[in-house]
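Let's take a walk through a protein structure together.

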Amino acid sequence: MSEFKNLFQRELLINLKNFLVLFTFSSFFIISIMIFVFAFGSDFSAIDGLYKPIIWVILIFSITLVSEHFIYNDFFDGSLKELEFLGYSNELIIFCKSFVMWLLIIFTTFFLVPIFSIFFNISLKETLFLFFYIVFATPSLTLISVVSALFSIQLGRNKIIQFILVFPFYIPIVIFTTSSNNIQTTTNSHNSNFLILIGIFFITLPLCLFISRLIMRELNR
Amino acid sequence: MVLEIISVCLKRNKRVIFNNFNLKLNKSQIMILIGENGAGKTSLLDLVAGVLEPEKGTIKINNISSKNLNSNKRDMYTYLSNKDALKENLTIEENLMMWSKISSNKFIETESNNVLDYFGLRNLRKNLVGNLSQGQRKKVTLSKLLLSKAKLWLLDEPFNSLDSKSVKKTIKLIYTHSKNGGSILLTNHIDLNFRNSKKITLVNSHSKLKKNKPTFHKWGDF
């Protein structure tokens with residue numbers, strides 16, 4: 001537990017001090033929203049059913065962008081290797097990084113989602129559900145993006161291959177986060193989607209930690 | 001025996017780096033690995049630190065197999081690798097404090113002045129590492145040794161980027177550690193004149209292969 005605490009504090013300190021992490025995420029998010037808003041114009045009826053796919057596309061891209069700060073910097077300055085020879089397991093390193101990344105994303109989206117809801121004319125109830133969807137879906141998205149960042153180091157920073165390799169893993173999450181759009185949106189249907197997202201997280205967690213361990217071992221060779 | 005490497009074989013990128021390599025490091029001993037670039041000096045330290053796994057052979061630290069060390073690694077040795085692992089957006093003080101925390105060493109505020117004074121970093125303690133020169137960064141990395149309680153030091157090219165005054169201070173630090181019962185395994189590409197030290201020369205397997213000589217050649221009086 002003390003190992004987790006040490007790593008957690010380290011990640012939090014580094015990333016809170018690194019203004020670029022939050023700035024990259026927020027600026028990408030807001031600029032993308034603005035592009036969509038200007039593209040659709042003032043006709044809100046045209047974007048009424050589209051806001052969910054839009055926000056998830058923006059989220060996936062911005063999380064992928066942020067994951068670079070968490071993994072690349074540590075790999076290239078030797079910190080990742082340092083943590084390994086200090087005896088921290090690869091799984092714990094990745095878990096702590098993903099956890100801190102998730103916390104920062106949630107903290108930022110807490111302020112960004114209301115802005116998004118104003119631009120897309122979303123009701124308060126829908127905004128709340130959207131926020132909960134983000135809370136339940138982003139742990140899996142974060143883990144996948146961390147694996148994706150590790151892949152990109154292994155593949156020599158080839159972002160296209162990185163995205164092709166990891167993209168299929170995003171699909172189930174996107175399906176369940178946007179599906180409430182197609183059916184009658186009752187609290188029950190939302191609840192079942194939340195449970196499915198939690199279920200997906202428990203599948204993603206061991207899988208991503210295992211894959212990360214394999215990639216990190218390969219990186220040291 | 002502080003460190004024992006027994007019949008270790010290592011391959012990297014289909015190239016044999018070590019074949020049946022042996023090494024013994026005793027208490028208070030300073031051992032220097034000398035060799036040209038690509039000879040395997042860093043790979044050997046990575047092997048000892050458990051970052052790389054040997055194809056064959058055993059590595060023992062304080063008679064415990066390195067495979068069984070896990071979190072005890074932090075108490076057994078301090079490894080300063082060729083990359084400084086410093087965070088550019090943190091100050092010198094924050095970097096050292098963070099390192100102390102993750103390496104299970106203590107960073108006491110009152111003692112930190114002595115640590116920073118050794119390499120003349122006291123006035124720069126609130127400076128971001130990103131604003132420092134390569135030499136100053138190296139001094140910050142070497143300051144970790146002053147915080148370390150481990151008996152075994154693994155140092156990868158510790159004199160790189162340092163001015164002559166700092167090189168002397170680093171050598172003094174190494175001797176003091178050795179006198180206090182510590183052991184040091186360090187790499188260097190130049191043969192520095194270290195008193196009471198044992199030297200091992202690693203030869204680049206690539207250059208030897210071309211001349212049809214053995215893929216690995218070593219000598220030393222250990």
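Across the interface of chain A and chain B, there are five salt bridges. Before we look at them, keep in mind that this is a predicted model. Side chains of opposite charge can pair when their charged atoms come close. One pair to find is Lys17(A) and Glu94(B), whose side chains form a salt bridge with N and O 2.7 Å apart. Helix 1 of chain A gives the largest share, with seven residues. Sorted by class, this side of chain A has 10 charged residues, along with eight polar and eight nonpolar ones.

Now for the size of the meeting place. The size of an interface is often given as the accessible area lost when the parts come together. Here, the area buried between chain A and chain B is about 2,300 Å², and carbon and sulfur atoms give 53% of that. Three residues stand out on the chain A side: Lys81(A), Phe85(A) and Leu86(A) supply 28% of the area that chain A buries against chain B, more than any other three residues. In terms of residues, the contact takes 26 from chain A and 29 from chain B. There are also 13 residue pairs in polar contact across this interface.

Let's zoom in on another salt bridge, the one between Asp74(A) and Lys87(B), where N and O are 2.3 Å apart. Why does this pair join two chains? Asp74(A) sits in helix 4 of chain A, while Lys87(B) sits in the loop between strand 6 (77–80) and helix 3 of chain B, so the pair joins the two chains. Both Asp74(A) and Lys87(B) are buried.

Some salt bridges stay within a chain. Counting over all chains, the structure holds 17 salt bridges. One of them pairs Lys52(A) with Glu126(A), at 3.8 Å from N to O. Lys52(A) belongs to helix 4 of chain A and Glu126(A) to helix 7 (residues 124–154), so this pair ties together parts that are 74 residues apart in sequence. Is Lys52(A) buried or exposed? Lys52(A) counts as buried because its relative accessibility is 3%.

Chain B has a pair of this kind too: Glu93(B) and Lys126(B) form a salt bridge, with their closest N and O atoms 2.8 Å apart. This pair links distant parts of the chain, since Glu93(B) is in helix 3 of chain B and Lys126(B) is in the loop between helix 4 (109–118) and helix 5 (134–147), 33 residues apart. Glu93(B) is buried at 5% relative accessibility, whereas Lys126(B) is exposed at 60%. Elsewhere, salt bridges that share partners join Arg10(A), Glu11(A), Asp74(A), Asp77(A), Lys97(A) and Lys87(B) into one network.

Let's stay with chain B for a bit. Its secondary structure comes to seven helices and 10 strands. Of its 222 residues, 54% count as buried. Among the contacts in chain B with a separation of 6 or more, 68% are between residues 24 or more positions apart.

Ser43(B) lies in helix 1 (residues 41–49) of chain B, and it counts as buried because its relative accessible area is 7%. Leaving aside neighbours within four places in sequence, Ser43(B) is in contact with Leu10(B), Arg12(B), Ile17(B), Phe18(B) and Leu52(B). Ser100(B) is in helix 3 (residues 92–102) of chain B, and it is buried at 1% relative accessibility. With the neighbours within four places set aside again, Ser100(B) is in contact with Asn105(B), Lys106(B), Phe107(B) and Leu147(B).

Next, find helix 6 of chain B, residues 164–179. This helix has 16 residues and reaches 23 Å from its first C-alpha to its last, close to the expected 22 Å. Its buried residues include Val167(B), Leu173(B), Ile174(B) and Tyr175(B). Just after this helix, Gly181(B) takes a positive phi of about 95°.

Last stop: Ile106(A), in helix 6 (residues 90–119) of chain A. Ile106(A) is buried, at 14% relative accessibility. Not counting residues up to four places away in sequence, Ile106(A) touches Phe131(A), Ile134(A), Val135(A) and Thr138(A).

Key:
Residues are numbered from 1 along each chain as its sequence is written. Chains are lettered from A and ligands numbered from 1 in the order in which they are written. This is a predicted model: local features need pLDDT of at least 70, side-chain atom pairs count only at pLDDT 80 or more; totals for chains, interfaces and linings use all residues. Side-chain values use heavy atoms; hydrogens and water are left out. Contact means heavy atoms within 4.5 Å. Buried area is the accessible area (1.4 Å probe) that two parts lose on being put together, summed over both. A salt bridge is a side-chain nitrogen of Lys or Arg within 4 Å of a carboxyl oxygen of Asp or Glu. A polar contact is a pair of N or O atoms within 3.5 Å; within protein, one must be able to donate a hydrogen and the other to accept it, and residues adjacent in sequence count only if both atoms are side-chain atoms. Helices (H or I, at least four residues) and strands (E, at least two) are DSSP runs, numbered from the N terminus. Ala, Val, Leu, Ile, Met, Phe, Trp, Tyr, Cys and Pro count as nonpolar, Asp, Glu, Lys and Arg as charged, and the others, Gly among them, as polar. The expected span of a helix is 1.5 Å times one less than its number of residues. Buried means under 20% relative accessible area, exposed over 50%, partly exposed in between (1.4 Å probe, protein chains only).
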